[in-house]
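Biologist: I am new to this one. Can you put it on screen and take me through it?

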Amino acid sequence: MREKLVYILAIVGAVLLAWNLYGIFTVLPDEAAQGAIYRIIFIHVPAAITAFTGFFIALVLSAMYLKTGDLRYDSAAASVTEVSFVFACVNVATGSIWARIIWGIWWTWDPRLTSMFVCLLIYFGYLMLRKAIDEPTQRGRLSAALSIFGFVDVIIVWKSIQWWRTQHPSPVLSIRTGGGNIDPAMEHMIYRDLLAFLLIAAAIVLVRMRQEMIEREIDSLRRLAHA
Amino acid sequence: MNPLLQALWVARKDLAIEFRTKESLNAAGAFAVVILLLFSFVFDPASPEVATIGGGLLWLCFAFGGALIFNRGFARELPNECLDALLASPVSASSLLAGKAITSFVLLLIVEAVSLFVFGFFYDVRWWLHPLKLFAVCALATWGIAILGAAFGAMTVNLKLRELMLPVLIYPLLLPLLMAAIELTNNLLMNQVTSDSLLWGRVLLVFDIVYTSLAVALAETILVN
Amino acid sequence: MPPAIRLEAVWKYYGDYPALRNYTLQVAEGDCCALLGRNGAGKTTLLRVLAGLSPFQKGDISLLGWKPRSGEARRNTGFLGHGIGVYEDLSARENLRFFATVAGMKQAHSPISSWLERVDLARVADIPVRQYSRGMRQRLALARTFLASPRILLLDEPFTSLDDRAIAMMGELLRDARAGGATILFSTHQIREAMVIASHVTLIEQGKLRYSGVRTQEMLDDPGHLYREHTELGGF
C-alpha cells in the first residue's frame, strides 16, 4: 500500500514536472527585463516554499512526537527535515545562479540570503545531532527539541529582514503582494511547479521514512543480539 | 522549595566550584583576550574605524569565550555521575537548566568586563560613555547566550563529540542575538543612540523571553531521556 | 496498605527494543527487595525508570502513590547509581549541604553534622572530596543518599566496589532505614549478600519478570537455586 503510494506520488510528480518544464521552456515568453534566466524562478520559489512547508511540518511532527512518544512521528520529522533541507539547498543554488547572471555576483550578504544560509546551518545542525546519537528514543527527544528551537529561531531571523535594507527582489506572488507584480500565466506556473515539487518531496519522504524505520528495527535487533 | 531558589542554589554550587578551580574562567578570559590581540592584525588598530567595528569584535570575543564557559556547564556534572544524582533529587530539570544558565551568565559577564578593559586599553575606544546602557545590552545579550548555552549544553551532555557539536549547533541560533548586540554596542561605542537602538533592544528582549520560556518548558525533555 | 513501589505492566523501549517487557512488581512498605539478573537483563534500566531518570512508554508506576519523576516522588526517594554522585571540588560538608538544601531540608545544619559523624568523615569534612580515598568517597555517597531520610531507596549495585568497611556500613544503614519504615529496592550481583539482607526477591531476565516473591530459606541456603528454577537460560 505504502509502496504503491510512493510510486503514484513520484510518477504524478514527475509527469507534472515534465509538463511544467515543457511549458516553461516552450510556451512562456522571455521576461522583458531579465531575458531567459528569469525562468529559474519556477524552480527557486517553489523550492523555497516546499522547504519551509517541510520545516513547518517537521516542527508539528516533532511536537507530536514529544506529546505521544510514538517513534513514527520522529521518523517522519527526520525524513521531512532532510528532504526540506535538500529543497532549501536547491533554493540557494538556483538563487545563486540567478544572482551571478543578473547581479554579477554569486552571493551577496543580503539579509534574506543570510537568513536562508542561517536556516541551512540550523537544520544542518539538526541532521548532525541525529547522526551523533545512537539510542533512537533519546535521539527522537533531543532532535525534536532542537527542531522546535530551530524553527523558532528561523522565524526570528526571518523577521529581522524587515529591519534591514534588502536588495533581494520583492515578493512576486499575489498572495503576498495583492497581485499585479507578475504575469498571471507565470504565477500559475509557479504554483504548478510547487505542486510537482510537493508531490516529489512527499514521495522521497515516504521512502526515507521507511528507511528510518528499518534502521530502527536493525538497531533493536542489534540490541537484542547484544542482550 | 521554590524552583527559582533551587536554580540559584545550583548556580551557587557551580560558582563555588568554578571560583575554586577557575577552569573555565581562566580559559575563557585568556581566549577572549587572545582574540582581541589577533584582531589587531586584521585591521589597522590605530584607525578611528575601530569604534565602528568594535561591537562586532567584542561580541565575537564574548561568543567564542562563552563557548568555553557553557561547554563546561553540564560537563561539570559528568564525573561521578552527579547529573543523575541531581536529576533524581528534588531539583527540577528546569531549575537545573536555569541554574546552569545563571552560572554561565555570571562567568561570562566577568569575562566581558575583563575584555572591555583590555579592549579600551589596546584600541583606545571609550566604551564607558554610556555605562548603564552598555551594561543593559551586555546583560540582555549575555543572558540569551547563557540560556541557549545551557539548553544545548544539556542536549549534548551525553554525546561523545560534545565539545565539537555545541558551537556548531549554537552559533547559527545565536545570530539574531549577536546581530542586535553588535548593532547596539556599535551605537554606544560611537556615541550615537538612535531610534533603531530601541528596535534592536526589543530583539534582545524577545530573544531572551522566547528562549528562556522554551528552555524551561523543554528542560525535562532534554535532560530526562 | 497499598504497596510503596508498584509497577503495572511497564514497558520501556530503546527505539523498538523493549528493555522492560510487561514488568509488574509490588514492593510493600518496609520491605527490602533484591533485584537480581544478569548483566544487560534490565536491572539498571528498571531502577533508572523508577528514579525518574528515564521515561517509560507503557504501563503504570507509582511510588507511594506518586508518579516517578513527580516532585513528591523525588522528594521521597533516595537514588544511588553506579557513580557516587558527589562533587570532587567541594568538601564533604559542602556536598551534603548542597544536596540537603536543594531537597528543601529545613535547619539543614544538624543532620549534616550527624551524618558526617555517622559515616566517619567528620574529621575530614572540610577537605575537598578530590583528596579522599575510595572508601571515604563511598561513605560520603551513602550519606548523600540517606541524608533526606527517603522513604524509598533505589540502589543500583550498592555493594559493587565497596570496601569491607563500607559494606558493613551499608548493611547497617539499610537495616536502620528499614526499621524506620523505608522501602528498599536494590540490584546486585553479590547474590549471597543480597539473600541475607533482602526480605523479598525479584528476578529479571531480558526485561521480563521471572520471579517475584518472599526470599525463602531455600534461597539463602542455595543462592543459585533461583536462577536454575526461574530463568530460561538456566543457572549461572
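Biologist: How many residues does the contact take from chain A and from chain B?

Modeller: The contact takes 24 residues from chain A and 20 residues from chain B, where contact means C-beta atoms, placed from the backbone, within 7 Å. This is a predicted model: local features need pLDDT of at least 70, side-chain atom pairs count only at pLDDT 80 or more, and totals for chains, interfaces and linings use all residues. Residues are numbered from 1 along each chain as written, with chains lettered from A and ligands numbered from 1 in the order written.

Biologist: Which element gives the largest share of chain A's side?

Modeller: H5(A), with 13 residues. Helices are DSSP runs (H or I, at least four residues), numbered from the N terminus.

Biologist: And what is that side made of, by class?

Modeller: It has 17 nonpolar, five polar and two charged residues. Ala, Val, Leu, Ile, Met, Phe, Trp, Tyr, Cys and Pro count as nonpolar, Asp, Glu, Lys and Arg as charged, and the others, Gly among them, as polar.

Biologist: Now chain B. At what angle do H6(B) and H8(B) pack?

Modeller: About 20 degrees, with their axes 9 Å apart. Axes are lines fitted to C-alpha atoms, for helices over the stretch in contact, and angles run from 0 to 180 degrees between N-to-C directions. H6(B) is therefore roughly parallel to H8(B) (angles under 35 degrees).

Biologist: Which residues make the contact?

Modeller: Among them are Trp143(B) and Gly144(B) of H6(B), and Phe207(B) and Asp208(B) of H8(B). The residues divide into 16 nonpolar, two polar and one charged.

Terms used:
Two residues are in contact if their C-beta atoms, placed from the backbone, lie within 7 Å. Helices (H or I, at least four residues) and strands (E, at least two) are DSSP runs, numbered from the N terminus. Angles under 35 degrees count as roughly parallel, over 145 as roughly antiparallel, 65 to 115 as roughly perpendicular and the rest as oblique.
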